[in-house]
Amino acid sequence: MTDTSRVTEIRYVGYAVQDFEAERAFYRDDWGLTEVDATNDMAWFKTQGHDEHHVVRLHKAEVNHVEVIAFAADSAADVDTLHEKVQAAGCKVIFAPRDLDAPGGGYGFRFFSPDGLPFEISAGVEALDKREMARWEGVPVKISHIVLHSPDHPAMVRFFTDVLGFRVSDWLGDFMCFLRCNSAHHRVAILPGPPCLNHVAYDMLTVDDMFRGASRLKKRGTDIRWGPGRHTAGNNTFSYFVTPGGFVVEYSAELEEVDFELHEDKVHVPAPTVMDQWGIGVGGPQTMPHPAPDAKLFQPAEV
């Protein structure tokens with residue numbers, strides 16, 4: 001029987017941050033998310049345009065780092081199968097599949113990638129209300145994609161395809177691989193470098209919403225670090241920003257839709273108009289925070 005168990009979507013990213021209140025205010029008041037739950041030292045945020053329970057988790061800590069990157073599977077049986085595959089791949093399991101006691105609940109497990117970054121895969125998480133978004137609101141609809149660094153990025157691509165079920169959509173030269181887990185051109189991309197999160201991108205309803213969101217951020221003191229522009233792989237527009245805690249986030253729009261089963265990957269040859277087809281924006285990769293190893297590799301979060 002063919003194994004069809006795989007990751008099918010991104011759920012959320014959990015950050016540990018030193019200045020909890022500054023990061024909390026950024027996501028709530030500036031970025032355009034809605035706080036759905038909180039404790040003295042944690043907060044959970046969702047988007048208004050999607051029913052995912054939350055897309056960001058913040059936790060007050062002594063050092064900024066990534067506590068968890070959460071993916072979805074379609075069923076509890078798929079969670080169990082993916083747990084077996086992760087174990088067989090030699091990954092360190094943080095906890096085996098179980099009922100999750102965090103807001104939204106569900107059934108899932110956590111593990112460290114071969115590079116030591118923490119991941120969660122879950123099913124059955126509570127869905128919350130969503131509403132139709134309107135042009136010019138300028139707030140995120142959902143998480144679009146996540147970009148990671150790996151010291152051995154070809155091996156990490158094989159881990160995502162062979163173990164988690166992703167498929168290669170495109171390469172940028174031989175240094176950046178775009179991976180899909182559904183009809184979106186990419187939900188994950190992998191670059192060479194120290195093991196860490198590069199950035200998290202959010203889908204905006206239209207290009208106008210990307211600009212409206214960038215305008216709101218600028219008025220509140222957060223200007224574009226790179227962009228606006230349009231990438232070639234995935235054909236999505238982009239504007240990159242940096243949160244108070246130093247994490248990179250992106251507003252994006254018009255990410256290409258592909259056939260999950262039939263799309264054939266290709267290699268985009270790096271050139272000035274390939275990274276940015278418009279060529280009108282400010283900054284570039286050189287103006288973004290320099291990647292550094294995550295501060296808590298192979299160290300599980302307290303929660």
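## A tour from the pockets to a buried strand

The residues lining the largest pocket split into 25 nonpolar, 13 polar and one charged. Here Ala, Val, Leu, Ile, Met, Phe, Trp, Tyr, Cys and Pro count as nonpolar, Asp, Glu, Lys and Arg as charged, and the others, Gly among them, as polar.

Before you click on, note that you're looking at a predicted model, where local features need pLDDT of at least 70, side-chain atom pairs count only at pLDDT 80 or more, and totals for chains, interfaces and linings use all residues. Numbering starts from 1 along each chain as its sequence is written, and side-chain values use heavy atoms, with hydrogens and water left out.

**Stop 1: the largest pocket**

This pocket holds about 840 Å³ of space. To find its centre, select His149, Leu197, Asn198, Pro289 and Pro291, the closest to it of the 39 lining residues. A pocket is an open set of points on a 1 Å grid over the protein atoms alone, where a 1.4 Å probe fits and protein lies on both sides within 12 Å along at least five of seven lines; lining residues have an atom within 4 Å of a point. Points are joined across faces, edges and corners, and the volume is the space filled by probe spheres set on them.

Which element gives the most to this lining? Colour E13: it supplies four residues. Strands (E, at least two residues) and helices (H or I, at least four) are DSSP runs numbered from the N terminus. Helix H5 (272-275) is among the elements that each supply at least two residues.

**Stop 2: the second largest pocket**

Now hop over to Leu100, Asp101, Ala102, Arg110 and Glu120, which lie nearest the centre of a pocket lined by 22 residues. Strands E1 (9-17), E3 (42-46), E6 (93-99) and E8 (118-123) each give two or more of them, and E6 gives the most, with three. Its volume is about 260 Å³, and the lining has nine nonpolar, five polar and eight charged residues.

**Stop 3: strand E16**

Next, show the neighbours. Strands pair if DSSP finds at least two bridges between them. E13 (residues 196-203) runs parallel to E16 over four bridges, while E15 (residues 237-242) joins E16 antiparallel through six. In the E15-E16 hairpin, with five residues between the strands, look for Gly246 and its positive phi near 90 degrees.

**Stop 4: Asn182 and the cysteines**

Find Asn182 in the loop between E11 and E12; at 15% relative accessibility, this residue is buried. Its side chain makes a 3.3 Å polar contact with that of Glu9. Such a contact is a pair of N or O atoms within 3.5 Å; within protein, one must be able to donate a hydrogen and the other to accept it, and residues adjacent in sequence count only if both atoms are side-chain atoms.

Finally, select Cys181, which is buried at 1%. The whole structure has zero disulfides (cysteine sulfur pairs within 2.5 Å).

How values were computed:
Buried < 20%, exposed > 50% of the residue type's maximum accessible area, 1.4 Å probe, protein only.
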